[in-house]
2 protein chains.
Amino acid sequence: MDEFELIRRYFARMGADRADVDLGVGDDAALLRVPEGTDLVAAVDTLVEGRHFPAGADARSIGHRALAVNLSDIAAMGAAPAWATLALTLPEADPGWLDGFARGLGELACAHGVALVGGDTTAGPLTISVQILGHVPRGSALRRGGGRAGDVLAVTGTLGDAGAGLALATGALELKDPAAARDLLERFEYPTPRVEFGIAARGIASAAMDISDGLVGDLPKLAAAGGLGAAVDVERLPMSGALRAAGDAQQARSWALGAGDDYELLVAVPPERFGELAARAEQLNLTLTAIGELNRGNAVKWMLHGAEFTPAVHGFDHFRRASTQITV
Amino acid sequence: MDEFELIRRYFARMGADRADVDLGVGDDAALLRVPEGTDLVAAVDTLVEGRHFPAGADARSIGHRALAVNLSDIAAMGAAPAWATLALTLPEADPGWLDGFARGLGELACAHGVALVGGDTTAGPLTISVQILGHVPRGSALRRGGGRAGDVLAVTGTLGDAGAGLALATGALELKDPAAARDLLERFEYPTPRVEFGIAARGIASAAMDISDGLVGDLPKLAAAGGLGAAVDVERLPMSGALRAAGDAQQARSWALGAGDDYELLVAVPPERFGELAARAEQLNLTLTAIGELNRGNAVKWMLHGAEFTPAVHGFDHFRRASTQITV
């Protein structure tokens, strides 16, 4: 099977059909119709084997993750996803692997109405880049820097599950409870981008970003983008029962603070509108938990039961850290 | 230097400033304004070290090439390039390498008015994906499948130079003439995307594609996209003096037919409008050479001095060919 046949077979019909795709995979470029009155939203994220997922991970999970991390960026802007391109570098054209990968990516694409409109397949070490395109009514995108002093900081869902899931996947953690292990592993392997919540937060949240590198790495970026400081009550971080069962309090907290890969959203919201936003989250079967607030300072204070606390974790940094996203 | 500092330093201000970028590098995604009445054009291309360029190639050349191959896709649609995102996987954060890479990519971006609006830098084997976005007045894009029987097939510039340049770069070829060697190497290392010609060909050419995988690999795709056959007179392929000096006639022909990387455009144009298109090319200091025509057949006939000819080359296929794009 040659490269072109391979691309045709697996990717030509992947994802959703959309009426706004004039020309998809198969020409030099795709032709797309962006709705009038919207801003185009564009992001790119790359996954490298052994870095963003364990070597030998399930191909379907890799395909899901490659799109999910990009959908999460779109969610963080309050935008609607529409189209994606895929740059796939892989060591060999293994039909079984490609089937699984295409299923993982394709199912998530269909679930969010995303059409795959272009791709490039090359031979080399396993590396996957997805570029996602979406749109948002002009002027209504959520930005990192829109927060104000006094705004509540809140996160969707629960934090730390994916960190524990990665530890399970790599054998660094073993759990006796099979249901908890399955839940945590699922959270790592099949992260859920909070696209509907991002759209629901338009016009209410003042700032948003996704937590892809861990709260300790990401929250300071949101504060700094607004020229603000922040205070976080670490005991308020939402943690699942499965996470609490997976380690002692310190270990669970460490995952919730520092492990990336949860792909929950961090938002800033004026205190008088927090209830409204939490109600919208609830309609989406999602919790929204206040964890602190933005202030006029220039640093982030992490507080644990009223005392200042220095997290023994830092954000995910590809060039400083060896092979795992977890430091405890 | 951590990942974020690295991205900020080298890529935050790379490329052109554009008034239609509401938000560039630094948030979860970019916000861009697509002109009304246009189609968005999107493409992606990946370069892998040792596959698309020799290991140890000059970083500035790699940066140039990464954008040039994408600009060439935009050119093949007759579109105007506007924005790009960069997914860069590299083994280490070497400031010298990054400087060169950023210069090569940045200079070409500025020359074409392209803003770099997003990036993701990860650690791993050297792999570069650029996603390019542009726009074209609605309905005026050049497609592969628009040709008709009787249309002239023509190519811009000269073919085969980059193939010989790659042979020089890898030591497979040595030349006594330093000026010819420099010209050929330059053609491989710094390909020139034919963006202005693509725009000039709107409304005249009936079909277009770029020659990135070699004429023997690419021309049949253009014919097949239109449900047509083609006949090509191989002796009409435009070859530079430097290429003719680099090998015997058979070798030069082999490069012109089969080596990729020239990034010239292949167009189909109704015969009565060929002169008009050639005149537009001339205004851009570019030659346009008729090499054959589309017909009602279902295959491509390669003719050499009136006799059918079987090229001993095939298109670039990452999974079938080992380490070089040249087969002679």
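Reader: How many salt bridges are there across the interface of chain B and chain A?
Author: The rule finds four across that interface, a salt bridge being a side-chain nitrogen of Lys or Arg within 4 Å of a carboxyl oxygen of Asp or Glu. This is a predicted model: local features need pLDDT of at least 70, side-chain atom pairs count only at pLDDT 80 or more, and totals for chains, interfaces and linings use all residues. Side-chain values use heavy atoms, without hydrogens and water, residues are numbered from 1 along each chain as its sequence is written, and chains are lettered from A and ligands numbered from 1 in the order in which they are written.

Reader: OK. Which residue forms a salt bridge with A:Asp27?
Author: B:Arg144 does, and the closest N and O atoms of the pair are 3.9 Å apart.

Reader: And what is the count over all chains?
Author: By this rule, 30 salt bridges. One within chain A joins A:Arg187 to A:Asp161, with the closest N and O atoms 3.0 Å apart. That pair links distant parts of the chain, 26 residues apart: A:Arg187 lies in helix H5 (residues 178-189) and A:Asp161 in helix H4 (residues 161-169) of chain A. Helices (H or I, at least four residues) and strands (E, at least two) are DSSP runs, numbered from the N terminus.

Reader: Back to the interface. How much area do chain B and chain A bury between them?
Author: About 5,200 Å², 59% of it on carbon and sulfur atoms. Buried area is the accessible area (1.4 Å probe) that two parts lose on being put together, summed over both. The contact (heavy atoms within 4.5 Å) takes 66 residues from chain B and 66 residues from chain A.

Reader: Which strands pair there?
Author: Strand S3 (residues 38-48) of chain A pairs with strand S2 (residues 30-32) of chain B, antiparallel, over three bridges; pairing needs at least two DSSP bridges. There, A:Val41 has B:Leu31 as its bridge partner.

Reader: What is the mean pLDDT of chain A?
Author: The mean is 89, and 93% of the residues of chain A reach 70 or more. pLDDT is the predictor's confidence in each residue, from 0 to 100.
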